[in-house]
Amino acid sequence: MPGDQQFPTGPSQGKLAPSGDAELHKASEQGGKELHAVNERAGTIAFGAEIPFVTHLGFELKLFEGGESAIAYTPQPAHLNSFAVTHGGAIMTLLDVTMATAARSVQKDMGVVTIEMKTSFMQPAPGDGSPLTAKGRLIHRTATLAFTEATL
């Protein structure tokens, strides 16, 4: 699993909704109270935006407050590379969304996009179905930029 990566970003793209629930998808389109009610029943936290790729990967938001975030992800066989470990693109998406979530956690109605991201892969992330958890932290925020980091 990559360790101790730091990713300076601009306002990162907000894009998380738990996967696999038609009721959740419908509620996320409607927003507000409907989405909150569905997530309470499912025992999950919603990021507030429907991003099909993130939904497809099955990310689950576990923490979204006070400049911190945590997202759980269990790689599926289709998410592996030719070495049977989790594909770097899936890991970078997980880290990107985790940083965006940390940036948005202090002002949840703020939209964000990533302008720069650096990743250092220290070791492969397993492809054996083991769950992964990424943790993000808001380092500094200005009126137009948020600097964040995430680790896996």
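I shall go from the overall fold to the sheet, and then to individual residues.

Two conventions come first. The model is predicted, so to speak of its provenance: local features require pLDDT of at least 70 and side-chain atom pairs count only at pLDDT 80 or more, while totals for chains, interfaces and linings use all residues. Residues are numbered from 1 along each chain as its sequence is written, and side-chain values use heavy atoms, with hydrogens and water left out.

Let me start with the fold. The protein has four helices and four strands, where helices are DSSP runs of H or I of at least four residues and strands are runs of E of at least two, numbered from the N terminus. Along the sequence these elements follow the pattern α-α-α-β-β-α-β-β. The chain has 152 residues, and 45% of them count as buried; buried means under 20% relative accessible area, exposed over 50%, and partly exposed in between, with a 1.4 Å probe and protein chains only. The exposed surface comes to about 7700 Å², of which carbon and sulfur atoms supply 55%. Those areas come from the Shrake-Rupley method with a 1.4 Å probe, and for residues only the protein chains shown count as cover. As for contacts, meaning heavy atoms within 4.5 Å, consider those in the protein with a separation of 6 or more: residues 24 or more positions apart account for 70% of them.

I turn to the sheet. What is the order of its strands? The four strands form an open sheet in the order β1-β2-β3-β4, with antiparallel pairing; two strands pair if DSSP finds at least two bridges between them. At the edges are β1 (60-65) and β4 (146-151), each of which pairs on one side only. Neighbouring strands are turned against each other by 15° on average, direction ignored. Here axes are lines fitted to C-alpha atoms, for helices over the stretch in contact, and angles run from 0 to 180 degrees between N-to-C directions.

The pairings may be taken in turn. Five bridges join β1 and β2 in the antiparallel sense, and glutamate 60 stands opposite alanine 72 in β2. These two strands form a hairpin with two residues between them, and glycine 66 in that turn has a positive phi of about 60°. Between β2 and β3 there are six bridges, again antiparallel; alanine 70 has lysine 135 in β3 as its bridge partner. Strand β3 (residues 132-141) is joined to β4 by six bridges, also antiparallel, with leucine 138 opposite threonine 148 in β4. Helix α4 packs on this sheet and touches β1, β2, β3 and β4, its direction making about 45° with that of β3.

Strand β2 deserves a moment of its own. Five of its six residues are buried. Glutamate 68 belongs to this strand, which spans residues 68-73, and at 42% relative accessibility this residue counts as partly exposed. Which residues does glutamate 68 contact, leaving aside its neighbours within four places in sequence? They are Leu63, Ala102, Ser105 and Gly136.

Next, the aromatic residues. The structure holds one aromatic pair. Rings of Phe, Tyr and Trp (its six-membered ring) pair if their centres lie within 6.5 Å; planes under 30 degrees apart count as stacked, over 60 as edge-to-face and the rest as tilted. The ring centres of phenylalanine 59 and tyrosine 73 are 5.1 Å apart and the planes stand at 75°, so this pair is edge-to-face. Phenylalanine 59 lies in the loop between α3 (52-57) and β1, tyrosine 73 in strand β2, and the two are 14 residues apart. Phenylalanine 59 is buried at 0% relative accessibility, and tyrosine 73 is buried at 1%.

Finally, two loop residues. Alanine 84, in the loop between β2 and α4 (88-104), has a positive phi of about 65° although it is not a glycine. Its relative accessibility of 47% makes alanine 84 partly exposed. Threonine 144 is found in the loop between β3 and β4 and is exposed, with a relative accessible area of 58%.
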